[in-house]
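Please write a short report on the structure shown here.

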Amino acid sequence: MRKLQYLLMTLSALLLATPAFAQGTGDATSPYTPLAAGLGMALAAGLCGLGQGKATASSSEALARNPGARPGIFLFLILGLAFIESLALFTFVIIFLFVK
């Protein structure tokens, strides 16, 4: 019990000290920024594609089980796909803002 208390106290001290480590040097450009932006966009696009595929598969399975619920399923499918796609678009906008 005492070791857990020391562990939690240490973690809380580290978490409270993080703003001190967040001070920048004034020049935040890095030669790896375009690489990180490309990897971030690839990750966002890939995971959004997986999410859209899962949403479409689930909605088609739901339509096969209950064809009478088509309007409700279609509405939430389109809404979900729009939210998923907006995540990739937000990533794209953030990349354009930070990569010069």
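Where is the place of leucine 14? Leucine 14 sits in helix α1, residues 2-16. Residues are numbered from 1 along each chain as its sequence is written. This is a predicted model, in which local features need pLDDT of at least 70, side-chain atom pairs count only at pLDDT 80 or more, and totals for chains, interfaces and linings use all residues; side-chain values use heavy atoms, with hydrogens and water left out.

## Fold and surface

The protein has 4 helices and 0 strands. Its pattern along the sequence is α-α-α-α. Helices (H or I, at least four residues) and strands (E, at least two) are DSSP runs, numbered from the N terminus.

Of the 100 residues in the protein, 10% are buried. Buried means under 20% relative accessible area, exposed means over 50%, and partly exposed lies in between (1.4 Å probe, protein chains only). The protein exposes about 8,300 Å². Carbon and sulfur atoms supply 75% of that area. Accessible areas come from the Shrake-Rupley method with a 1.4 Å probe; for residues, only the protein chains shown count as cover.

Leucine 14 also belongs to a nonpolar surface patch, together with Met1, Leu4, Leu7, Leu8 and Leu11. These residues have about 650 Å² of accessible area together. Patches are made of residues with over 30% relative accessible area and no salt bridge; like charges are joined within 9 Å, nonpolar side chains (Val, Leu, Ile, Met, Phe, Trp, Tyr) within 5 Å.

Helix α4 covers residues 70-98, 29 residues in all. At 1.5 Å a residue it should span 42 Å, and its end C-alpha atoms are 42 Å apart, which agrees. The expected span is 1.5 Å times one less than the number of residues.

The buried residues of α4 are Ile73, Leu77, Ile84, Ser86, Ala88 and Ile95. They pack against α3 (33-65). Serine 59 lies in α3. Serine 59 counts as buried because its relative accessibility is 8%. Beyond its neighbours within four places in sequence, serine 59 is in contact (heavy atoms within 4.5 Å) with Ile73 and Leu77.

Leucine 50 is also in α3. Leucine 50 counts as exposed, at 61% relative accessibility. Leucine 50 and isoleucine 84 are 34 residues apart in sequence, yet 9.9 Å apart in space, C-alpha to C-alpha.

## Side-chain pairs

How many salt bridges are there? The count is 1 salt bridge. A salt bridge is a side-chain nitrogen of Lys or Arg within 4 Å of a carboxyl oxygen of Asp or Glu. Arginine 65 forms it with glutamate 61, with the closest N and O atoms 3.3 Å apart. Both lie in helix α3, 4 residues apart, about one turn of the helix.

The count of aromatic pairs is 1. Phenylalanine 92 and phenylalanine 96 form this pair, edge-to-face, at 4.8 Å centre to centre and 85° between the planes. Rings of Phe, Tyr and Trp (its six-membered ring) pair if their centres lie within 6.5 Å; planes under 30 degrees apart count as stacked, over 60 as edge-to-face and the rest as tilted. The two phenylalanines are 4 residues apart in helix α4, about one helical turn.

The table lists the accessibility of the paired residues.

| Residue | Relative accessible area | Class |
|---|---|---|
| Arginine 65 | 68% | exposed |
| Glutamate 61 | 45% | partly exposed |
| Phenylalanine 92 | 40% | partly exposed |
| Phenylalanine 96 | 59% | exposed |
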